[in-house]
Amino acid sequence: MKFTIMVNEGPYQHQSADSALQFARAVLAQGHEIFRVFFYHDGVNNGTRLSVPPADDRLIQKEWSELSKEHDLDLVICIAAAQRRGIMDEAEAKRQGLDADNIIEGFRISGLGQLIEGGIEADRTVVFGD
Amino acid sequence: MAMLHIVNKSPFEKVSFRSCLNHAKAGDSILMIEDAAVGAIDGTSFSEKLKAAMADKTVYVLGGDLAARGLSEDRMIDGIKSVDYAGFVDLTVENETTQSWL
């Protein structure tokens with residue numbers, strides 16, 4: 001079965017970013033497919049590579065990035081939510097005249113249409129957030 | 001068409017769990033995750049409301065989230081089923097749609 005997962009909460013905010021990650025792992029472990037993970041609202045903060053938690057804490061952004069690499073996942077960040085919160089890829093930073101980008105490998109920035117398409121293409125859409 | 005209702009807020013803090021119970025239909029399933037897991041405990045100001053819903057709905061709790069809050073499964077309302085993340089995925093497959101009560 002094909003899944004789309006929506007993540008509306010940032011890392012270290014409460015528990016939903018962790019819940020979504022664990023759910024995604026369980027979906028893949030059972031042989032299902034993840035069509036897309038869409039990050040919206042504060043969820044876009046799951047896509048920064050500049051987060052440095054204490055050494056004994058998990059690095060949620062890196063875990064998503066590694067899961068994406070391992071399973072070729074499509075991790076999409078909402079562009080409007082990302083611009084508000086300072087999540088930029090190289091092209092977007094250049095377009096906005098900014099001096100840096102911070103998106104982590106495995107994520108891409110796109111529009112809300114990607115969520116709608118995810119809902120249409122997947123058999124199940126499961127939402128995580130605070 | 002059966003729906004899986006996913007609740008993640010404590011019924012002692014937010015009204016979303018009560019809203020869920022007011023909207024869920026017979027034959028639906030309700031899964032308590034994150035802070036909602038505390039709703040599984042018997043003998044609280046919320047437990048009778050949940051027991052009433054269990055007459056025609058099946059109620060589950062994410063066992064890890066209950067344990068993470070220091071709560072033992074033997075304090076749960078009789079009839080609530082504890083699942084792990086694999087069980088969570090199974091519930092989303094068995095129900096045609098899901099609703100997250102954020």
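## Helix crossing between the chains

The axes of α1(A) and helix α4 (residues 85-94) of chain B cross at roughly 75° and come within 9 Å. Angles from 65 to 115 degrees count as roughly perpendicular, and α1(A) and α4(B) are therefore roughly perpendicular to each other. From α1(A), the residues that make the contact are A:Gln22, A:Phe23, A:Ala26 and A:Val27. From α4(B), they are B:Tyr85, B:Ala86, B:Phe88 and B:Val89. Sorted by class, the residues in this helix contact are seven nonpolar and one polar, with no charged residues. The model is predicted, and the values in this report are for that model.

## The side of chain A that touches chain B

The contact between the chains takes 17 residues from chain A and twelve residues from chain B. On the chain A side, α1 (16-29) and β5 each supply at least two residues. By class, the side of chain A that touches chain B holds seven nonpolar, eight polar and two charged residues.

## The sheet of chain A

Chain A has an open sheet of five strands in the order β4-β3-β2-β1-β5, with parallel pairing. The edges are β4 (107-110) and β5 (124-128) of chain A; each has a single partner strand, so one side of each is left without a neighbour in the sheet. On average, neighbouring strands of this sheet are turned by 25° against each other, direction ignored.

Strand β1 (residues 2-7) of chain A pairs with β5(A) in the parallel sense over five bridges. In this pairing A:Thr4 stands opposite A:Thr125 of β5(A). Strand β2 (residues 33-39) of chain A also runs parallel to β1(A), and six bridges join the two. Here A:Ile5 is found opposite A:Val37 of β2(A). Five of the six residues of β1(A) are buried, so this strand is largely enclosed by the rest of the structure.

In a regular strand the side chains alternate between the two faces of the sheet.

## Overall form of chain B

Chain B contains four helices and five strands. Read from the N terminus, its elements run β-α-β-α-β-α-β-α-β. The radius of gyration of chain B is 12 Å, close to the 13 Å that the globule rule gives for 102 residues, so chain B is as compact as a globular protein of that length.

Taken along the principal axes, the C-alpha atoms of chain B fill a box of roughly 35 × 25 × 25 Å. Among the 102 residues of chain B, 38% count as buried. Of the contacts in chain B with a separation of 6 or more, 71% are accounted for by residues 24 or more positions apart.

## B:Val38

B:Val38 lies in the loop between β2 (29-32) and α2 (47-53) of chain B. A residue is buried if 20 or more other C-beta atoms lie within 10 Å of its own; B:Val38 has 21 C-beta neighbours inside 10 Å and therefore counts as buried.

Leaving out residues up to four places away in sequence, B:Val38 touches B:Ser10, B:Phe12, B:Arg69 and B:Leu71. From C-alpha to C-alpha, B:Val38 and B:Met3 are 22 Å apart in space, and they are 35 residues apart in sequence.

Key
Residues numbered from 1 in each chain as written. Chains lettered and ligands numbered in written order. Predicted model: local features only at pLDDT ≥ 70, side-chain atom pairs only at ≥ 80, totals over all residues. Pairing = 2+ DSSP bridges. Axes fitted to C-alpha atoms, helices over the stretch in contact; angles between N-to-C directions. Contact = placed C-beta atoms within 7 Å. Nonpolar A, V, L, I, M, F, W, Y, C, P; charged D, E, K, R; others polar. Parallel < 35°, antiparallel > 145°, perpendicular 65-115°, else oblique. Rg over C-alpha atoms; globule rule 2.2 N^0.38 Å. Buried ≥ 20, exposed ≤ 12 C-beta atoms within 10 Å, placed from the backbone.
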